[in-house]
Amino acid sequence: MTTSSEPEIGRARLRKEDARLITGQTNWTDNITAPGLLHLAILRSPMAHARLDRVDVAAARERPGVIAAFSGADLAAEQGSLPCAWPVTEDIVLPDHPPVAVDEVRYAGDPVAVVVARDAYAAADALEAIEVDYTPLDPVLDLEAALADDSPLVHADKDTNRCFSYHQPCGDYEAAKARADVVLHRRYHQQRLIPSAMEPRSVVVLPVAAAGEYTLYSATQIPHILRVMLAVTTGIPEHKLRVIAPDVGGGFGSKLQVYGEEVLALILAKRLGRPVKWTETRSEGNLATHHGRGQIQDIEIAATRDGTLLGLKADLLADMGAYLMLLTPSIPILGATMFPAIYKMDAYDFRCTGVFTTQTPTDAYRGAGRPEATYAIERIMDDLAAELGRDPLELRRHNWIKHEEFPYTTVAGMTYDSGNYEAATDRAQVLFGYDELVAERAKRNEQGDIFRLGIGISTYTEMCGLAPSRWLRDMRSGAGGWEAASIRMLPTGKAEVITGTSPHGQGHATAWSQIAADVLGIPFEDVEVLHGDTKLAPVGLDTYGSRSLVVGGTAVYEAAQKVVAKARQVAAHLMEANEADLEFSNGAFTVQGSPEAQKSIQEVAFAAFTSHHLPDGMQPTLSAEHVTDPDTFSFPHGTHLCAVEVDTETGAVKIRSYVCVDDIGKVVNPLIVEGQVHGGLAQGIAQALYEEAVYDEDGNLTSGTLADYLVPGAPDLPEFVTDRTETPATSNPMGVKGVGEAGTIASTPAVVNAVVDALRPLGVTEIRMPCTPERVWRAIQEAKEASR
């Protein structure tokens, strides 16, 4: 049996995993139970910064159903320090990060004690019996004030709140600036964001005490990395640890982490010899799951009077929060090379200072450094256009890399292999009705309309497929950027794909099946994708940074090619033909000139299984594995256009239309791409208009529930018009580029540019995100006052 002649790659297949997921016939971490299961609850500090004078858990141990209770001091000898795997500079400050605080708490939500009980309710109730004496210490909340000599210290033993200073000069920026007719300086703020995945974080540990073995289930994006880091942190031998990420309901970077709760569940299961489970509440997650973004961006751009860019300078203050988690200091650095974006210029200067504060630690959040970079350059390009009296789209055309100039090495040293910004922008303009909206905007402004129309533009690119390993080495990362896959042809002609990537909603089971089915020439339905289990798929580096398809999917493609190559040898032997004379198409080998003589790959798989007639020296079975370590990144791009209506009396913003045309290279499954784009747009628009983690002057999180932190739903979002152009990547054999973060990266500046554009005639040049009605209204009032 062979597949149809229609290629799988590019086909809009319904996701094969969805029938199971949406009907609940699945397994997720909090659904897992075991005989003798105990439940973990965590007492968290209500204070942002305080000395722990006394933590008494004795009364909690006496509560009904409680098995044990521990302070940080009780666990100090075995809990270790949570890892930071990416120290970005040689002299970076790396404070200890105990899963449970021992002497001092440094953010509201920092754990101070734990209770283990027979059920979750008994554990939670017993927390109120724990007695804690705190001596309040001054909070550290403002990034600039934290660097002052007289600032309170987050970590007193480090003598500074400066975590690191990073400088990347590219060319002579001061010389470029000296030649400029126009130099603009702007300050933009990236507010803190709280990840809100559908599934809360959860962990279950099942010990086999006699063998010293542990199986840990976690709602994680990184089972392989988590296994390594747990072994390093706890001292449990890695080969005695099995980590499983079952079906995981979203992550967006928040589950790209080694959390203290995972360490605690493991060491307590070891200590007690019983299975242990912990699942966060949503409000607990808002406090303790790492936050995203958190930057002050001072951006300077230099240009000639005709709009030609000469240089760009970016100086960032990046909020680390109280501790460095797995990738915390690397997040702003990941955007360092992307501030020049798609534009040509002579010089670029990037600086970043990491700053400790007494707030929840920050780390990866969808886009991880790239959205921040895109926001800065796209906002200041609009400001430069206003300064020069130019149409902002035409200013971008004047400066961007032309399609005939690829491959192109940017001023920041990144070599973009392919792209066509002109095609994507032309298509977006048509779908958007750009000229008509420009005319309508002018008419409304002339009439002094209460509802002002604004047009926002974002012409973006991003680096996807976190790789190569040598680049990561040079950037001081603790790991490489490779990915692994293996393929087993079963005796009956079906195929199992084992992937090192670990999906949490991306549709890997479907897309990987399409890739394997296309190469092997077998039906899509005959491919099974296995993932997320370090025993089943022992080799991998997991899922983040839009690397799954570009790196993991390429590994699947190459492994399948190896299977076909081995099958060719077997088929040639069976057909008594030379390998060079065999053609492989639609799942069958034929002899050139004799199409009637053929062997399907399923027949070959069975022959390899029986091993009755194999070539001399060939091992039985038809399987192969491949590890891909790309030579470079991939660079998707696109143009996003947004039209908003702003009520100048109330400050309310309504998105009237949103068009995006993305170029992500070859598309494996258009339906999956649409889902990724729509989800990304929702998150990017949410940052522009709705979401912000807010702390009061004492360092208390005042947006700690979903009643206070606005995650937009369908009524809050517009309909999206999406389309694609296709410029295949040259950096991988499938020509793919990645799409998981594109919508988030591009949409935030498009929306904010539209809001500011609507209000420029009133004197408004900047609104701090999120552009809530109150902030928009206040910006209008301040502009009125300034004009008097």
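Modeller: Buried means under 20% relative accessible area, exposed means over 50%, and partly exposed lies in between. This is a predicted model. Arg441 has 15% relative accessibility and so counts as buried.

Biologist: With which residue does Arg441 form a salt bridge?

Modeller: Side chains of opposite charge can pair when their charged atoms come close. Here Arg441 pairs with Asp757, with the closest N and O atoms 2.8 Å apart. Asp757 sits in helix H20 and Arg441 in helix H14, 316 residues apart. Asp757 is also buried, at 14% relative accessibility.

Biologist: How many salt bridges does the structure hold?

Modeller: The structure holds 58. One of them joins Asp247 and Arg20, whose closest N and O atoms are 2.5 Å apart. Asp247 lies in the loop between strand S11 and helix H8, and Arg20 in helix H1, so this pair ties together parts 227 residues apart in sequence. Arg20 is partly exposed, with a relative accessible area of 34%.

Biologist: And pockets: which residues lie nearest the centre of the second largest pocket?

Modeller: Rolling a probe the size of a water molecule over the atoms shows where empty space is left. In the second largest pocket that space is about 440 Å³. Of its 19 lining residues, Leu141, Leu143, Asp319, Gln359 and Arg768 lie nearest the centre. Strand S8 gives the most to this lining, with four residues.

Biologist: What kinds of residue make up the lining of that pocket?

Modeller: Six are nonpolar, six polar and seven charged. Domain 3 and domain 4 each supply at least three residues to this lining.

Methods
Residues numbered from 1 in each chain as written. Predicted model: local features only at pLDDT ≥ 70, side-chain atom pairs only at ≥ 80, totals over all residues. Heavy atoms only, no water. 1 Å grid on protein atoms, 1.4 Å probe; cavity = no way out; pocket = protein on both sides within 12 Å on 5 of 7 lines; lining within 4 Å. Points joined across faces, edges and corners; volume = space filled by probe spheres on them. Helix = DSSP H or I, 4+ residues; strand = E, 2+ residues; numbered from the N terminus. Nonpolar A, V, L, I, M, F, W, Y, C, P; charged D, E, K, R; others polar. Domains from an automatic or database assignment. Salt bridge = Lys/Arg side-chain N within 4 Å of Asp/Glu carboxyl O. Buried < 20%, exposed > 50% of the residue type's maximum accessible area, 1.4 Å probe, protein only.
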